[in-house]
Amino acid sequence: MLIPFTQADIAHYCTSRNGETRIGQSISLVNPNQQLSEQLNTAVADGCRYVLLGIPEDIGPRANLGLGGADLGWSAFLLKFLNLQSNIFINAEHILLLGSIACDDLQQQALGLSAQDESQLQKLRHLVSIIDSRVYAVAEQIFAAGMYPIIIGGGHNNSYPLLKALSHNSAQAVNAANLDPHADFRPCEGRHSGNGFSYSHADGYLQHYFVLALHELKNSAATLQQLQAANADHCSYQRIFVRQELSYQQALDRCIDYVVQGTGDIGIELDTDSINLMPVSAFTNCGVSVQAAEQFVFQLAKLPRSRYLHLAEAAPAQHPAGLVAGKNEAGQILSALVFAFIQGKQHKASAL
């Protein structure tokens, strides 16, 4: 269920230049001959704190009647991140490039399936439940090792196994902050990218949930009612940027105040379709800036109880200028958000 990243893979993505050291040339890798728990314990002993994990799938968005392409977010990220400079601002040796969840077999099974056909839609949703089990099995061991996973690629369906793993690791319900125009709190009708948080809440894994920059007309009345019934909170895009009832920082402060309630660990969730003009499965011209997204990640990462970063839905092929332009833009933005998380952890706030 895990495909480890190797030195040969590094060579595929990372280019060298005389007089420079790229992140890909100094990042830590696993020993594929060890069991996963041993790999993680060895990495911790060597000083690693962060774990990069890819999920190359687009079945979750398709099972939500959406577009594909989220399977390419992981490779777009690697192409940019591994070629960034390794310098005083980041210690690449503290980052473990673990690898990716095995999804090729499931992607093959999903080929040709149409969400418009009810029986095929149920097959897609069954495949999502298999992805759930694979992501959970790996994430649970990362949390058990005391490391910070950074999960990239795939649909927002993967919030469910991440929250489940974090909840089981801490033996209590956890909290989540989500920068997203969609609440992803649709009915528990079979797994897909639109109900990761509703399933998490229904199964007792999610307690305090806040959606920042929720779009008022991109969520059904039923979804909003379910959010209210779950005692979740949100601050809409329109309230911040259109009606200007409060500033973005005030909204972010409100989000932070909400998710630090109680003692539960915190997941940082970011659907990249919240970002203006980002190549994603649900492209938008009415999103937040990259800088606003970086601030969301950075300020949440400073919280001592925040335990992971999940960047979902990047779909390079959906860029209006094509796949090459999409990989370039998605890779740069994903890399910036990962760096914001690591910097936030390096400057984390005092315990709350």
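This is a predicted model: local features need pLDDT of at least 70, side-chain atom pairs count only at pLDDT 80 or more; totals for chains, interfaces and linings use all residues.
With a threshold of 30 Å³ or more, the structure holds one cavity, and the volume of the largest cavity comes to about 40 Å³. If you want to find the place in the view above, the residues that line the largest cavity are P181, A213, H215, Y237, S274, C286, G287 and V288. Sorted by class, that lining is made up of five nonpolar and three polar residues, with no charged residues.

Most residues other than glycine have a negative phi, and most peptide bonds are trans. A213, however, is not a glycine and still has a positive phi, of about 65 degrees. As for its setting, A213 belongs to strand β6, which covers residues 206-214, and A213 counts as buried because its relative accessibility is 5%, where buried means under 20%.

The other residue I would like to show you is Q244, which is likewise not a glycine and has a positive phi of about 55 degrees. Q244 sits in the loop that runs between α11 (237-242) and α12 (248-259). Is Q244 buried or exposed? At 62% relative accessibility Q244 counts as exposed, because the cut-off for that class is over 50%.

Conventions
Residues are numbered from 1 along each chain as its sequence is written. Side-chain values use heavy atoms; hydrogens and water are left out. On a 1 Å grid over the protein atoms alone, a cavity is a set of points where a 1.4 Å probe fits but cannot get out, and a pocket is an open set with protein on both sides within 12 Å along at least five of seven lines; lining residues have an atom within 4 Å of a point. Grid points are joined across faces, edges and corners, and a volume is the space filled by probe spheres set on the points. Ala, Val, Leu, Ile, Met, Phe, Trp, Tyr, Cys and Pro count as nonpolar, Asp, Glu, Lys and Arg as charged, and the others, Gly among them, as polar. Helices (H or I, at least four residues) and strands (E, at least two) are DSSP runs, numbered from the N terminus. Buried means under 20% relative accessible area, exposed over 50%, partly exposed in between (1.4 Å probe, protein chains only).
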